[in-house]
Amino acid sequence: MEIVVKHFNDLTVDELYEICKIRIEIFTLEQGIYVQDLDDVDKSVYHMYLKDEDGIQAYVRIIPRGVVYEGASIGRVVSRKRKCGYGTEIMKGAISFIREEFGESRIDISAQVQARRFYDLLGFVQTSDVYDECGVPHIHMVLDLDGGLSAVSDHVGTNSRI
């Protein structure tokens with residue numbers, strides 16, 4: 001397995017094709033989310049994927065501060081196989097990238113409610129009530145890379161997406 005991270009402008013056509021393919025496979029075909037997945041955010045972010053000889057097995061997009069949230073974010077988290085560690089590995093890679101390359105101390109995500117336990121295990125904390133995003137229940141979650149969440153814990157139950 002190899003982790004690759006590239007800014008949108010550095011992706012090859014084949015890499016972009018494989019990224020689109022896995023996102024459609026998971027979000028549209030598997031989860032039945034029928035909304036426009038590709039957006040202009042893709043052009044402003046880093047794309048990280050985990051690949052083997054069969055292609056991309058897990059993917060995330062790493063979003064710099066100010067593109068979606070005030071701080072850095074991770075989105076479009078997908079893995080072809082469940083319960084094999086690919087999702088955890090790609091998320092840990094994205095978290096490290098944000099800490100080391102962006103120098104950030106906080107990461108915001110909009111998480112599907114059904115994936116909350118996955119993000120809990122990575123240290124993310126829920127900071128909103130459930131809200132609808134693309135017809136799927138989501139919650140806002142935050143990972144404080146400096147260790148304390150006292151400043152963001154006050155937002156729990158506010159319906160805000162920080």
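The legends below describe close-up views of a predicted model.

**View 1. Strand E5 and the strands paired with it.** Strand E5 spans residues 106-112, and because five of its seven residues are buried, the strand is largely enclosed by the rest of the structure. Strand E4 (residues 72-79) runs parallel to E5 and is joined to it by two bridges, whereas strand E8 (residues 136-144) runs antiparallel to E5 and is joined to it by seven bridges.

View 2. The model holds five aromatic pairs. In one of them the ring centres of Tyr46 and Phe102 lie 5.8 Å apart with their planes at 55°, an angle that falls between the limits of 30 and 60 degrees, so the pair is tilted. This pair links distant parts of the chain, since Tyr46 belongs to strand E2 (residues 46-52) and Phe102 to helix H2, 56 residues apart. Tyr46 is partly exposed at 26% relative accessibility, and Phe102 is likewise partly exposed, with a relative accessible area of 23%.

**View 3. The aromatic pair of Phe118 and Tyr119.** These two rings are arranged edge-to-face, with 5.0 Å from centre to centre and 70° between the planes. Phe118 is partly exposed at 26% relative accessibility, while Tyr119, with a relative accessible area of 8%, is buried.

Key:
Residues numbered from 1 in each chain as written. Predicted model: local features only at pLDDT ≥ 70, side-chain atom pairs only at ≥ 80, totals over all residues. Heavy atoms only, no water. Buried < 20%, exposed > 50% of the residue type's maximum accessible area, 1.4 Å probe, protein only. Helix = DSSP H or I, 4+ residues; strand = E, 2+ residues; numbered from the N terminus. Pairing = 2+ DSSP bridges. Phe/Tyr/Trp six-rings, centres within 6.5 Å; stacked < 30°, edge-to-face > 60°.
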